[in-house]
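The following report goes through one structure element by element, with the sequence and coordinates to be consulted alongside the text.

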Amino acid sequence: MTKWLLVLILAAGGTPAHGSDPLKGMTLAEKVGQMIVSYVYGDSATAPSAADAAANQAMFGADVTTAAQAVAKYHLGGVIYFTWSHNLGSPTQIAALSNGLQRAAMADTGIPLQISTDQEGGVVNRIGAPLAISPGNMALGATFDPRTAERAAKVSGEELKALGINVVDAPVVDVNTNPLNSADGVRSFSDRTHHVTNFTTKAIKGYESAKIGTQAKHFPGLGDTTVNTDNGVAVTDESRQQILRTHIPPFRAAIQAGAESIMAAHIIAPALDPSNKPASLSKPIITGLLRNTLHFNGVVITDALEAAALEDYTDQQIVLDAVNAGVDQLLMPRNVPLAIQTLLDAVATGAVTEHRIDQSVRRILKTKTYDAYVPETPTVGTPAHQAVMADAAARSITVLRKAALPIQPTQSVLVTGWGVSTTTNLAAALGATRFYTGSPSDAVIAQAVAAAGQHDVTVVTTYNAWSDPTQQRLVAALLATGKPIVVTAVGAPYDLAYFPTAETYVAAYGYQPVSTTALAAVLQGKAPATGRLPVTIEGLYPYGSGLSERR
């Protein structure tokens with residue numbers, strides 16, 4: 001009986017007729033390898049470029065030039081795809097890479113490889129066209145219809161599966177209670193617990209119907225923080241009661257909906273663990289709260305271990321603390337060979353028991369019910385799939401003030417502001433002149449003001465302008481012209497708080513082409529604006545606001 005067949009039996013909750021245990025046929029090194037999810041370099045499993053081969057050698061050792069060799073040598077349980085590691089090109093290339101990596105895994109352990117990527121939609125989206133792209137969580141939340149999250153998740157899940165990606169690192173189920181949150185923002189469905197909970201349930205259901213593994217994140221919630229743990233240490237000062245009441249319910253809903261894995265954040269929550277260990281390394285949070293209180297017995301994976309939030313911890317300490325906390329999968333260890341050796345040594349010395357390793361491996365194997373291989377020519381971006389995402393985006397656009405709307409066909413229009421592709425796509429959709437500013441200098445602001453004076457209407461795009469004074473100065477200067485100015489947030493809608501005198505304000509919640517197309521249609525009066533704020537803009541607009549029109 002092959003290991004893969006044994007894995008399938010275990011995943012189904014059964015036992016082989018002769019009582020065999022798939023773990024009994026595995027070496028300790030193979031078990032530990034299953035607990036590692038790493039990136040690899042190259043667009044091919046076996047034929048990387050010279051630069052990617054050198055990068056693999058630097059990461060995995062001189063004898064490892066290919067991604068397939070990395071999988072085989074270290075018995076990796078999972079690989080995560082990124083653009084910067086050159087994994088994500090065309091659909092055909094991605095499918096071929098996935099199949100090549102699976103061949104390496106199957107030849108090595110006979111156990112399929114977990115292949116994942118962060119395809120949340122909106123601002124965190126690893127693979128673009130020709131795939132059908134979701135407008136993102138907050139845009140979905142703005143529809144106030146959780147079924148949009150289910151439909152978008154199903155489409156996204158089906159397309160990822162066609163590429164050989166069997167786990168999606170989504171959905172984000174954090175409740176974005178802090179408007180200055182640089183970790184979540186529009187990656188969150190809402191700032192209301194019930195809203196996030198309802199959308200979480202439907203999103204998990206959608207992914208499940210696509211038969212793709214899910215990863216609810218970032219436990220126990222990043223919504224109250226201001227710091228992205230990729231860049232620094234994030235701390236929440238909320239009480240245990242506040243955390244349990246506000247941030248935990250969406251995770252409970254994800255568990256009840258069937259989420260296979262939950263990602264542990266590197267956030268420090270003193271109310272949950274007075275030792276001030278990050279959640280990903282905290283036994284009170286992982287075992288105490290997630291396992292014992294919420295009764296989650298699926299896979300717990302860390303957030304990326306390369307994060308700046310963990311820079312004060314040694315590589316060995318991170319690995320041992322995470323496993324002792326109750327974590328099953330280590331995502332992107334800073335040093336993969338060292339992480340594996342650390343666990344092997346820990347078992348040898350008794351610092352970690354093999355029984356503890358076995359617990360994690362059993363959980364991991366139960367999730368590996370997917371087929372190893374996919375067709376060489378994947379079908380993605382079908383008209384039906386594109387229509388689902390376009391509908392979601394169209395229903396999300398939220399108009400809060402509309403003095404300059406709709407833009408008339410006879411009016412000359414300038415599009416300026418943040419986003420190279422955003423301003424390009426929006427200007428094309430509106431038939432407008434484009435003047436890109438990004439985060440502008442005073443000289444560029446003066447040029448934008450001069451350009452606005454030559455047009456009837458100016459549409460200025462902002463992205464998290466609350467953290468960018470240059471964007472704030474640009475919008476203030478444009479408003480001071482007295483000309484019709486349409487302020488459009490293509491990130492979180494909180495920017496309006498910094499432009500209280502703006503007479504026209506629209507929230508698009510994202511800058512993917514599907515969102516800019518929907519935005520243009522609303523600005524021109526070709527489509528109704530039916531979206532509503534899924535968050536509160538303090539002092540201006542409460543949750544649920546919007547000049548909604550019937551579709």
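Apart from neighbours within four places in sequence, Thr214 is in contact with Val168, Ala170, Ile204, Tyr207, Ala259, Glu260 and Ser261. The model is a predicted one. Thr214 sits in the loop between helix 8 (193–209) and strand 7 (215–219), and with a relative accessibility of 4% this residue counts as buried.

Strand 2 (residues 78–80) and strand 3 (residues 114–117) run parallel and are joined by three bridges, and the bridge partner of Val79 in strand 3 is Ile115.

**Helix packing**

How do helix 8 and helix 10 lie relative to each other, roughly parallel or roughly perpendicular? The axes of helix 8 and helix 10 (residues 249–257) come within 8 Å and cross at roughly 25°; because angles under 35 degrees count as roughly parallel, the two helices are therefore described as roughly parallel to each other. The contact involves Thr193, Val196, Thr197, Thr200, Thr201, Ile204 and Glu208 on the side of helix 8, and Pro249, Pro250, Ala253, Ala254 and Ala257 on the side of helix 10. The crossing of helix 8 past helix 10 is right-handed. Ile204 of helix 8, which takes part in this contact, is also one of the residues in contact with Thr214.

Helix 12 (residues 315–325) has as its buried residues Ile318, Val319, Asp321, Ala322, Val323 and Ala325. The elements that cover these buried residues include helix 11 (283–293), strand 9 (299–302), strand 10 (330–331), helix 13 (336–349) and helix 14 (354–367). Just after helix 12, Gly326 takes a positive phi of about 120°.

**Nonpolar cores**

The largest nonpolar core holds 102 residues, of which Tyr81, Leu101 and Phe219 touch the most other members. Helix 13 supplies the largest share of this core, with six residues. Leu101, leaving out residues up to four places away in sequence, touches Ala45, Ala67, Ala68, Val71, Val79, Tyr81 and Leu113. Another core, of 36 residues, lies apart from it, and among its members are Ala149, Val175, Ala393 and Val506.

**Backbone exceptions**

Most residues other than glycine have a negative phi, and most peptide bonds are trans.

| Site | Feature | Angle |
|---|---|---|
| Ala129 and Pro130 | cis peptide bond | omega about 15° |
| Leu405 and Pro406 | cis peptide bond | omega about -5° |
| Asn276 | positive phi, not a glycine | phi about 65° |
| Met332 | positive phi, not a glycine | phi about 55° |

Pro130 is found in the loop between strand 5 (124–125) and helix 6 (137–142). Pro406, for its part, lies in the loop between strand 11 (398–402) and strand 12 (413–417), and with a relative accessible area of 37% Pro406 is partly exposed. Although Pro406 and Gln524 are 118 residues apart in sequence, their C-alpha atoms are 5.0 Å apart in space. Beyond its neighbours within four places in sequence, Pro406 is in contact with Gln411, Leu523, Gln524 and Gly525.

Asn276 is placed in the loop between strand 8 and helix 11, where Asn276 is partly exposed with a relative accessible area of 36%. Met332 is found in the loop between strand 10 and helix 13, and Met332 is buried, with a relative accessible area of 6%.

How values were computed: Residues are numbered from 1 along each chain as its sequence is written. This is a predicted model: local features need pLDDT of at least 70, side-chain atom pairs count only at pLDDT 80 or more; totals for chains, interfaces and linings use all residues. Side-chain values use heavy atoms; hydrogens and water are left out. Helices (H or I, at least four residues) and strands (E, at least two) are DSSP runs, numbered from the N terminus. Buried means under 20% relative accessible area, exposed over 50%, partly exposed in between (1.4 Å probe, protein chains only). Contact means heavy atoms within 4.5 Å. A nonpolar core is a set of buried Ala, Val, Leu, Ile, Met, Phe, Trp, Tyr and Cys residues joined through side-chain atoms within 4.5 Å. Axes are lines fitted to C-alpha atoms, for helices over the stretch in contact, and angles run from 0 to 180 degrees between N-to-C directions. Angles under 35 degrees count as roughly parallel, over 145 as roughly antiparallel, 65 to 115 as roughly perpendicular and the rest as oblique. A crossing is left-handed if the near helix is turned anticlockwise from the far one by less than a right angle, and right-handed if clockwise. Two strands pair if DSSP finds at least two bridges between them.
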